[in-house]
Amino acid sequence: MMWQPTSALLLAASLLAALPANADGLYTKKSPVLQVDAKSYDRLIAKSNYTSIVEFYAPWCGHCQNLKPAYEKAAKNLDGLAKVAAVNCDDDANKPLCGQMGVQGFPTLKIMTPSKKPGKPRVEDYQGARSAKAIVDAVVDRIPNHVKKVTDKDVDQWLSKDEEQPKAILFTEKGTTSALIRALAIEFLGSVNVAQIRSKESAAVERFGIEKFPTLVLVPGGGKDHIVYDGELQKKPMVEFLSQVATPNPDPAPTKAKTKPAKSAKASSSVVIEDEDLKPTESPDPKVDSDDAPKPAQVPIPAPPIDTLSTPEALESACLMPKSGTCVLALLPEPSEPDADLSGPAKEVLVSLSEIAHKHVQRQSKLFPFYGVPAINTGAKTLRAGLGLSDDDKVVEIIAINGRRGWWRRYEASDDAAYGIAPVEAWIDAIRLGEGAKSKLPEGVTVPEKESSEHDEL
């Protein structure tokens with residue numbers, strides 16, 4: 001009888017349901033990380049014009065605690081440019097949201113990029129390094145660009161289009177569009193047209209009297225003279241400068257943003273651009289956002305089981321050659337009865353590994369192979385002995401091994417419940433990201449190259 005793994009969605013739901021309820025979160029109210037829950041997610045993230053990165057975490061998760069300093073640093077660096085948020089999946093109220101987002105391990109980071117459909121952002125898993133710089137770079141790359149690149153040839157055409165519409169121009173020596181000017185364009189999307197002109201466009205530079213780069217110029221529209229910005233190149237004062245002609249969009253922005261002149265530049269200085277959580281915006285369609293609204297049914301898709309290495313030769317060929325890359329092996333115990341399905345920790349290990357592997361296949365990310373090695377494979381007993389593991393065939397072991405680099409690592413299970421998706425995936429992620437200690441591979445575990453070549457020739 002062939003064992004069939006449970007679906008990813010059901011496993012995720014059971015994992016989240018088993019978490020302790022209402023635990024305190026990792027981030028305090030003073031943290032630069034925006035704290036989002038199931039009720040505010042749509043308003044603050046899904047319907048926002050801004051790109052967001054959201055961490056789904058559990059306070060007890062060691063990897064989440066280790067990520068916190070870098071994540072908060074990233075939040076400070078991205079302040080005003082994008083949103084850095086976190087959802088506490090340990091909170092009962094947030095577990096349905098975490099389940100719907102496909103969270104199966106902690107921390108899970110997802111980047112949400114606004115799409116053409118309001119409230120339907122593109123969602124992708126963040127798979128980069130867990131450092132502030134890597135997170136910032138990934139998010140900045142996904143900030144929408146509503147800035148028009150203008151040259152001497154088309155500047156007149158751009159200025160004459162919608163003559164009454166205020167316009168802002170950044171004169172710069174760079175050909176790329178910075179995250180700052182992209183964020184400024186998002187802030188005034190629909191009310192101020194934003195463009196970028198390079199310093200080599202001499203006619204436009206002379207026309208506006210630009211003497212240094214970068215320089216921001218405001219063209220109020222309606223035939224009024226342009227105004228040169230002489231403040232700091234930081235978002236808040238730049239927003240206040242443009243607020244002379246238009247009010248920054250609320251977050252989320254209405255479907256049709258309207259130009260609304262501020263009473264004066266002084267009055268507009270009270271604009272606070274980071275206060276979306278202090279002044280909530282009502283959802284445009286209460287039926288869509290209601291917690292009681294019916295959710296579309298999701299059909300569970302079973303994850304295929306991981307491959308099995310049933311012979312010593314298969315084990316050696318896949319993972320024990322001197323040039324073999326990283327393999328994750330589940331050394332399985334004998335079933336309680338012949339032809340019986342595995343149960344207990346062994347079954348849980350296979351479920352966890354199959355779901356983790358399937359998730360990476362779905363998001364088309366590279367991951368080293370996972371294999372199950374049954375007790376009938378005599379190579380499993382030899383491998384256990386070579387690594388100094390227990391020779392008890394009733395005990396399941398998970399190991400990672402790399403013949404080319406000469407290291408191995410054992411999964412340390414604290415108890416039988418420690419073989420679930422979350423702890424196993426945290427261990428896998430640590431290996432993938434080069435974190436944690438590895439042991440030197442003992443001599444004799446890998447097959448000598450010369451010996452293996454001779455066998456191949458026979």
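Student: How many cavities of 30 Å³ or more does the structure hold?

Tutor: A cavity is a set of points, on a 1 Å grid over the protein atoms alone, where a 1.4 Å probe fits but cannot get out. There are two of 30 Å³ or more here. This is a predicted model: local features need pLDDT of at least 70, side-chain atom pairs count only at pLDDT 80 or more, and totals for chains, interfaces and linings use all residues. Residues are numbered from 1 along each chain as its sequence is written, and side-chain values use heavy atoms, with hydrogens and water left out.

Student: How much space lies in the largest cavity, and which residues are closest to its centre?

Tutor: A volume is the space filled by probe spheres set on the grid points, which are joined across faces, edges and corners. The largest cavity has about 180 Å³. Its lining (residues with an atom within 4 Å of a point) has 14 residues, and Pro-107, Tyr-126, Arg-130, Asp-429 and Arg-432 are the closest to the centre. Two elements give two or more residues each, β4 (108-113) and α15 (421-432). Helices (H or I, at least four residues) and strands (E, at least two) are DSSP runs, numbered from the N terminus. The largest share, three residues, comes from α15.

Student: Which classes of residue make up that lining?

Tutor: Ala, Val, Leu, Ile, Met, Phe, Trp, Tyr, Cys and Pro count as nonpolar, Asp, Glu, Lys and Arg as charged, and the others, Gly among them, as polar. The lining of the largest cavity has seven charged, four nonpolar and three polar residues.

Student: Is the peptide bond from Phe-106 to Pro-107 cis or trans?

Tutor: Most peptide bonds are trans, and most residues other than glycine have a negative phi. The bond from Phe-106 to Pro-107 is cis, with omega near -10°, and Pro-107 sits in the loop between α4 (95-100) and β4. Another cis bond joins Phe-213 to Pro-214, with omega near -5°; Pro-214 is in the loop between α8 (202-207) and β9 (215-219). As for phi, Asp-162 has a positive value near 50°, in the loop between α6 (155-160) and β7 (167-172).

Student: How do helices α3 and α5 cross?

Tutor: Two packed helices are described by the angle and the distance between their axes. Axes are lines fitted to C-alpha atoms, for helices over the stretch in contact, and angles run from 0 to 180 degrees between N-to-C directions. The axes of α3 (residues 62-77) and α5 (residues 132-140) come within 8 Å and cross at roughly 45°. The two are therefore oblique to each other (under 35 degrees is roughly parallel, over 145 roughly antiparallel, 65 to 115 roughly perpendicular, the rest oblique). Contact (heavy atoms within 4.5 Å) involves Leu-67, Ala-70, Tyr-71, Lys-73, Ala-74 and Asn-77 of α3 with Ala-132, Ile-135 and Val-136 of α5. Of these residues, seven are nonpolar, one is polar and one is charged.

Student: Where do α7 and α9 meet?

Tutor: In α7 the residues are Leu-180, Ala-183, Leu-184 and Glu-187, and in α9 they are Lys-235, Met-238, Val-239 and Leu-242. Six are nonpolar, none polar and two charged. The axes of α7 (residues 179-187) and α9 (residues 235-242) come within 11 Å and cross at roughly 40°.

How values were computed: 1 Å grid on protein atoms, 1.4 Å probe; cavity = no way out; pocket = protein on both sides within 12 Å on 5 of 7 lines; lining within 4 Å.
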